Amino acid sequence: MDIVLSIILFVAAIFLIVAVLMQSGKSHGLSGSIAGGAETFFGKTKGKTFDKVLSRLTTIVSIVFVVLVLAVYIAQDNKELEYVKGNTKAAETTAAVTEATTDAE
């Protein structure tokens with residue numbers, strides 16, 4: 001289960017990096033109007049639509065990313081807790097066996 005979560009987390013991280021880098025800045029429209037960009041009306045709308053879809057995808061994937069990080073953290077914390085409990089029981093058993101063999105001698 002950890003491997004699957006780790007792979008999904010890695011893919012989500014890569015997607016977030018690429019999606020953020022692909023988005024145009026907020027000042028893109030302002031600099032285009034000052035520089036006198038020769039885009040058609042449909043070209044402007046198409047670009048805004050792509051940015052809007054990319055922005056929504058980035059938001060969704062970032063939420064999934066945060067949930068996955070929390071899930072991996074909780075799973076790791078539970079494993080560590082079970083490991084500590086197991087070692088405590090093993091230490092108690094070892095101490096009891098050592099005490100029993102010392103008393104027997």
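The legends below describe close-up views of a predicted model.

**View 1. Overall fold of the protein.** The protein has three helices and zero strands, and its elements run α-α-α from the N terminus on. Helices (H or I, at least four residues) and strands (E, at least two) are DSSP runs, numbered from the N terminus. Of the 105 residues, 9% are buried; buried means under 20% relative accessible area, exposed over 50%, and partly exposed in between (1.4 Å probe, protein chains only). The protein exposes about 8700 Å², with carbon and sulfur atoms supplying 70% of it. Accessible areas come from the Shrake-Rupley method with a 1.4 Å probe, and for residues only the protein chains shown count as cover.

View 2. Helix α1 comprises residues 2-22. At 1.5 Å a residue its 21 residues should span 30 Å, and its end C-alpha atoms are 30 Å apart, which agrees; the expected span is 1.5 Å times one less than the number of residues. Leu5, Leu9, Ala12, Leu16 and Ala19 are the buried residues of α1. Seen down the axis of α1, these fall within an arc of 100 degrees, so they line one face of the helix; the arc is that of the directions from the helix axis to the C-beta atoms. The face turned away from this buried side carries exposed residues Ile3, Ile7, Phe10, Val11, Ile17 and Leu21.

**View 3. Nonpolar surface patch.** Ile3, Ile7, Phe10, Val11, Ile14, Ile17, Val18, Leu21, Met22 and Phe50 make a nonpolar patch of about 1000 Å². Its largest share, nine residues, comes from α1. Patches are made of residues with over 30% relative accessible area and no salt bridge, like charges being joined within 9 Å and nonpolar side chains (Val, Leu, Ile, Met, Phe, Trp, Tyr) within 5 Å. A salt bridge is a side-chain nitrogen of Lys or Arg within 4 Å of a carboxyl oxygen of Asp or Glu. Isoleucine 14 is partly exposed, with a relative accessible area of 39%.

**View 4. Surroundings of leucine 5.** Leucine 5, in helix α1, is buried at a relative accessible area of 14%. Not counting residues up to four places away in sequence, leucine 5 touches Leu68 and Val72; contact means heavy atoms within 4.5 Å. Leucine 5 and leucine 68 are 63 residues apart in sequence and 7.0 Å apart in space, C-alpha to C-alpha.

**View 5. Surroundings of threonine 58.** Threonine 58 lies in helix α3 (residues 41-104) and is buried, with a relative accessible area of 11%. Leaving aside neighbours within four places in sequence, threonine 58 is in contact with Leu16, Ala19, Val20 and Gln23.

**Notes.** Residues are numbered from 1 along each chain as its sequence is written, and side-chain values use heavy atoms, with hydrogens and water left out. In this predicted model, local features need pLDDT of at least 70 and side-chain atom pairs count only at pLDDT 80 or more, whereas totals for chains, interfaces and linings use all residues.
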